[in-house]
Amino acid sequence: MIDNSEELTTTKQTMSAIGLGSNLGDSLPILQAAIKNLDQISGITVKSQSSWYRTAPVGPPQPDYLNGCAILAVELSPQELLETLLGVEQEFGRVRLEHWGPRTLDLDLLLFDDLVLDTPKLKIPHPLMNQRAFVLLPLAEIAPNWIEPVSQLTISELAQSIDSSEVSLC
């Protein structure tokens with residue numbers, strides 16, 4: 001008989017990158033509380049977080065955003081992590097009324113190790129991250145050498161190649 005007991009108790013941790021944003025309510029305390037909340041969820045450990053950046057909005061007229069990124073060690077599948085992030089958004093009052101509209105909290109799953117995934121509900125890497133300075137600048141701060149698996153460029157290289165004129169460090 002083969003003993004698989006160690007296999008059953010060992011869960012692989014996967015590094016994941018998320019983007020955080022807020023432009024409704026008291027954004028800085030909301031973002032800080034979201035980081036703390038994530039770190040208390042079973043299967044998630046916050047490994048690092050970026051500084052916060054003020055960003056002009058994309059989409060309809062609305063207040064500027066505060067944006068940042070975090071690196072998580074997770075013991076969840078990509079789909080489980082996405083569902084967890086959506087749940088945290090709801091806890092902080094996120095309501096989805098308008099595409100790219102204002103929000104109390106936005107949590108985007110950007111990278112999941114070197115996984116490339118394209119399903120109707122989840123695309124990894126995040127399909128717009130390479131076009132967004134408000135994602136690449138904070139992510140380059142905490143994960144400059146992470147290789148984005150589609151372009152095969154480092155986050156630092158991607159950040160250097162984008163117009164960041166509408167993003168400023170808070």
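Analyst: This is a predicted model. Just after helix 3, the residue Gly-93 has a positive phi of about 85°.

User: How do I check the length of helix 3?

Analyst: Compare an expected span with the distance between the ends. At 1.5 Å a residue, the 14 residues of helix 3 should span 20 Å, and the end C-alpha atoms are 20 Å apart, which agrees.

User: Which residues of helix 3 are buried?

Analyst: Buried means under 20% relative accessible area. In helix 3 this applies to Pro-78, Leu-81, Leu-82, Leu-85, Val-88 and Glu-89. Seen down the helix axis, the buried residues fall within an arc of 125°, so they line one face of helix 3. Glu-83, Gln-90 and Glu-91 are exposed, on the face turned away from that buried side.

User: Where is Arg-103, and is it buried or exposed?

Analyst: Arg-103 sits in the loop between helix 3 (78–91) and strand 5 (106–112). Its relative accessible area is 9%, under the 20% cut-off, so Arg-103 is buried.

User: What does Arg-103 touch?

Analyst: Leaving out residues up to four places away in sequence, Arg-103 touches Ser-22, Asn-23, Leu-24, Tyr-65 and Arg-94. The side chains of Arg-103 and Asp-106 are joined by a polar contact of 3.1 Å. From Glu-89, Arg-103 is 14 residues away in sequence and 9.3 Å away in space, C-alpha to C-alpha.

User: How does strand 5 pair with strand 1?

Analyst: Look at the sense of the pairing and the bridges. Strand 1 (residues 14–22) and strand 5 are antiparallel, with six bridges. Ile-18 has Leu-109 in strand 5 as its bridge partner. Six of the seven residues of strand 5 are buried.

Definitions and conventions. Residues numbered from 1 in each chain as written. Predicted model: local features only at pLDDT ≥ 70, side-chain atom pairs only at ≥ 80, totals over all residues. Heavy atoms only, no water. Helix = DSSP H or I, 4+ residues; strand = E, 2+ residues; numbered from the N terminus. Buried < 20%, exposed > 50% of the residue type's maximum accessible area, 1.4 Å probe, protein only. Contact = heavy atoms within 4.5 Å. Polar contact = N/O pair within 3.5 Å; in protein donor to acceptor, adjacent residues only side chain to side chain. Pairing = 2+ DSSP bridges. Expected span 1.5 Å × (residues − 1). Arc of directions from axis to C-beta.
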